Amino acid sequence: MHYTGIDHSDRLVLTIGGRLTFADAAQFPEVIARIRDCGMAIVEFDMDALEFMDSSGMGLLLTAYDAAHRASMQLIVRNARGNVLTGLKRARFDQLMTVI
């Protein structure tokens, strides 16, 4: 996984690319800290460049959702496509967060 984070006026946009798997668990606390410390109302994951996400990656996304939810932030997943989008819909992530 590679990611970048950009603060906008009302949201933190995290662009995630590559593969989101168990191998990224060690790096993900950095993402959670970025969410926790941003002070924005919305956290948006742009997954346009994400090629693959396994169940561990979904677990990491749930960890991000929990961090955002605890801080009263809305989490949005944008531009997921292919198998990533199919997996999110099958796991009913769209019932927890906005998936567009």
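**Notes on a predicted model**

1. At 45% relative accessibility, Thr-4 counts as partly exposed, because that class lies between the buried cut-off of under 20% and the exposed cut-off of over 50%. The model discussed here is a predicted one, and Thr-4 sits in strand 1, which covers residues 2-7. Once its neighbours within four places in sequence are left aside, Thr-4 is in contact with Val-13, Leu-14 and Thr-15. Thr-4 can also be set against Thr-98, a residue 94 places from it in sequence, for which the C-alpha to C-alpha separation is 20 Å.

2. Among the contacts that join residues at least 6 apart in sequence, 70% link residues at least 24 apart.

3. How does the radius of gyration of the protein chain sit beside the value for a compact globule? For 100 residues a compact globule would have a radius of gyration near 13 Å, and the protein chain has 12 Å, so the two agree. Taken along the principal axes, the C-alpha atoms fill a box of roughly 30 × 25 × 20 Å.

4. Is Arg-11 buried or exposed? With a relative accessible area of 18%, Arg-11 is buried, because the cut-off for that class is under 20%. Arg-11 belongs to strand 2, which covers residues 11-20, and its side chain makes a polar contact with the side chain of Asp-10 at 3.3 Å. Not counting residues up to four places away in sequence, Arg-11 touches Ile-6, Met-40, Ile-42, Glu-44, Ile-76 and Arg-78.

5. When residues up to four places away in sequence are not counted, Ser-56 touches Thr-21 and Phe-22. The C-alpha atoms of Ser-56 and Thr-21 are separated by 5.4 Å, although these residues are 35 apart along the chain.

6. Asn-79 lies in the loop between strand 4 (74-78) and helix 3 (82-90), and its phi is near 65°, a positive value in a residue other than glycine. With a relative accessible area of 33%, Asn-79 is partly exposed. Arg-92 is in the loop between helix 3 and strand 5 (98-99), and phi of Arg-92, near 60°, is likewise a positive value in a residue other than glycine. Arg-92 counts as exposed at 51% relative accessibility, because the cut-off for that class is over 50%.

Conventions. Residues numbered from 1 in each chain as written. Predicted model: local features only at pLDDT ≥ 70, side-chain atom pairs only at ≥ 80, totals over all residues. Heavy atoms only, no water. Helix = DSSP H or I, 4+ residues; strand = E, 2+ residues; numbered from the N terminus. Buried < 20%, exposed > 50% of the residue type's maximum accessible area, 1.4 Å probe, protein only. Polar contact = N/O pair within 3.5 Å; in protein donor to acceptor, adjacent residues only side chain to side chain. Contact = heavy atoms within 4.5 Å. Rg over C-alpha atoms; globule rule 2.2 N^0.38 Å.
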